[in-house]
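This briefing goes through a structural model by topic. The overall fold comes before the individual residues.

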Amino acid sequence: MSEPRGALSLDELRHLVEQGEIDTVLLALTDMQGRLQGKRCHAPYFLDQVVPHGAEACSYLLAVDVDMRTVDGYAMSSWERGYGDFALKPDFATLRRVPWHPATALCLADLEWADGSPVVASPRQILRAQVERLRQRGWTGLAGTELEFVVFRDTYEEAWQKAYRDLVPANLYNVDYSLLGTGRIEPLLRRVRNEMAGAGLRPESAKGECFPGQHEIAFRYAELLGTADDHVVYKAGAKEIAAQEGMALTFMAKFDERAGNSCHVHLSLRDTDGRPVFGLGDDGRPDGAFAGFMAGLLATLPELTLLLAPNINSYKRFAEGSFAPTAVAWGNDNRTCALRVVGHGDSLRVENRVPGGDVNPYLALAALVAGGLHGIEEGIELEPEFVGNAYADPDLARIPSTMREAAGLFENSEVARIAFGDEVVDHYVNMAGVELTAFESTVTDWERFRGFERL
C-alpha cells in the first residue's frame, strides 16, 4: 500500500511547524467508549517536550461513565487511589494532519503507568495484545469497519435543546443506494470523504442507507491497529465536520424503533509472505485455519458480545428482519446470519454483523481475534453453513438480547479471561454494571406516556 498523504513523519512535522503551517498538535487517547480524549498542544511544545518525554492525563479517563462522572468499582482509578495520572506515550506512526481544523495535526498515544508498564485495560492495549498473539503465529490481521450514521439538519445544540425530539433527517425517505439521496447532502459527504483522505484514511465510497437521513462512507481495509485508529479518527472528525456544516450526525446503534446504525467488521489474515491464511476447500466451505477461526467465532460469540455491543442501546438493534443479526450462525453471503463469508481469492474474509455504530473498534477487533484463535487452538469443528432465513430458525443459538445477559456471559467466560486477563474482564464488566445501574434508575419518556394518566 502507498503511504497515505495525510500521514506525517516527525521530520515532516518539524518542517511544517518551522514553516508556520502547523501550530497545534492534538495528543489523544481512546477511552472505553471509543472516544478521543486528550490535549491540544502548542506545536513547539509538542516537539520540545511531548516527543522526548510524553505527557500525562488523569487515570479517571478509563474510570468514568459516558457523562464523565466518576463511578465506583474500577481497580485502576478511584478516590481511594487518589485519581493519579497515567502517561501518554505518543505513537508517532499515527501522526497525521487534521484537515477540518486549520494548522492542526494529531497523534494517538498508548497508555503506561509511571513504571513504564502498560495500562492493560486501555482499548488500544487490549487490541495490541491480540495483534501480538497473531504475530507469534506469523500472521497479520487485516480489517475494515463499515460505519453507518444518520444525518440531521439540526445542529447538535438544537438537538440537545429539543431533547432529541422532532429532529429533521437530511433525507425524508429511504435513500438506500440512491444517488439522488446522497446528492442532497453531497457537500457534507464530500467534505468527510476528502478531509478523511487528507488525514491519511483511504475512502472508497459513500452510499445512502435505509433509515431517513442514513448514510455510510466506506474506507479501505488496513492492519488491525491502523483500522481501529482510523475508525476513531473518522468518527470524531465526521461529527466535527457535520457541526461545522450546521448539521448533526449520530452513530447510535438504534436512534428509534426503525433501522439502526450498523458497523459490519470484515476480517482476514495474512502470513509473513503476505499470502492469505483463509481459504476454501473443494466443497466451497472454509477450510484449514479459516474453518477453525470461524468455528471459534461462533463458539465464543455470545460470551464476547459485550465487546461487540458495549452499550445498553446496542441491544435494541437486534431485531428480526432488521438486517441486524439475532442468531448465532454463519452463511455464504447470507445477511440473516451473524457471520457472513464474502469475497474470493485474496479478498476472502469473514464479516461479523453484530456490532453497531457505537462499537469501540479496538475491543471489537480484539474479541474477533480472541474468538477465532480459540477455535484454532481448541480444534473446534465448524458447523454446516446455514442456508435460508436465520431469523426464523428456532433451533439456532441467539445473540444476547440485553446488556445484562451479555455482561454475565463475559464475566464468566473462561475464553475471555485467558485471552484478555482478569483485570480487563473485570474492568469492562464494571463498565456494564455502571451503565445498567444508571439506566435502571432513570424514568423514561416511555414510562411517562404509558403511566402518567392511564395507570
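**Cysteines, overall fold and selected residues**

The sulfur of C107 is 9.5 Å from the closest cysteine sulfur, that of C41, which is too far for a bond; a disulfide is taken as a pair of cysteine sulfur atoms within 2.5 Å. The model is predicted, so local features need pLDDT of at least 70 and side-chain atom pairs count only at pLDDT 80 or more, while totals for chains, interfaces and linings use all residues. Residues are numbered from 1 along each chain as its sequence is written, and side-chain values use heavy atoms, with hydrogens and water left out.

**Cysteines**

- C107 is buried, at a relative accessible area of 0%; buried stands for under 20% relative accessible area, exposed for over 50%, and partly exposed for what lies in between, with a 1.4 Å probe and protein chains only.
- Zero disulfides turn up in a search of the whole structure.
- C58 takes part in no disulfide, and the cysteine sulfur nearest to its own, that of C41, is 17 Å away.
- With a relative accessible area of 25%, C58 is partly exposed.

**Overall fold**

- The chain has 13 helices and 17 strands; both are DSSP runs numbered from the N terminus, helices being H or I with at least four residues and strands being E with at least two.
- The radius of gyration of the chain is 22 Å, close to the 23 Å from the globule rule for 455 residues, so the chain is as compact as a globular protein of that length. This radius is taken over C-alpha atoms, and the rule is 2.2 Å times the number of residues to the power 0.38.
- Along the principal axes, the C-alpha atoms of the chain fill a box of roughly 65 × 65 × 55 Å.
- Of the 455 residues in the chain, 55% are buried.
- Among contacts in the chain with a separation of 6 or more, 72% are between residues 24 or more positions apart; a contact means heavy atoms within 4.5 Å.

**Surface and charge**

- The chain has an accessible surface of about 20500 Å², and carbon and sulfur atoms account for 50% of that surface. Accessible areas come from the Shrake-Rupley method with a 1.4 Å probe, and for residues only the protein chains shown count as cover.

**Buried helix residues**

- L134 belongs to helix 3, which covers residues 123-136, and is buried at 1% relative accessibility.
- Not counting residues up to four places away in sequence, L134 touches W139, G141, L224, L269, V369 and L373.
- From L134 to F211, the C-alpha distance is 38 Å for a sequence separation of 77 residues.
- A159 is part of helix 4 and is buried, with a relative accessible area of 3%.
- Neighbours within four places in sequence aside, A159 contacts D154, Y164 and L167.
- A159 and M247 are 88 residues apart along the chain, and their C-alpha atoms are separated by 9.6 Å.

**Helix 12**

- E423 lies in helix 12, residues 422-440, and counts as partly exposed at 42% relative accessibility.
- Between the C-alpha atoms of E423 and V120 there are 7.6 Å, although 303 residues separate the pair along the chain.
- D426 is also placed in helix 12, where its relative accessible area of 39% makes it partly exposed.
- D426 and Q125 are 301 residues apart in sequence and 16 Å apart in space, C-alpha to C-alpha.

**Positive phi in loops**

- Most residues other than glycine have a negative phi.
- Y177 is not a glycine, yet has a positive phi of about 65 degrees.
- The loop that holds Y177 runs between helix 4 (156-161) and helix 5 (179-183), and Y177 is exposed at 62% relative accessibility.
- D333, another residue other than glycine, has a positive phi near 50 degrees.
- D333 sits in the loop between strand 15 (330-332) and strand 16 (339-342), and is partly exposed with a relative accessible area of 49%.
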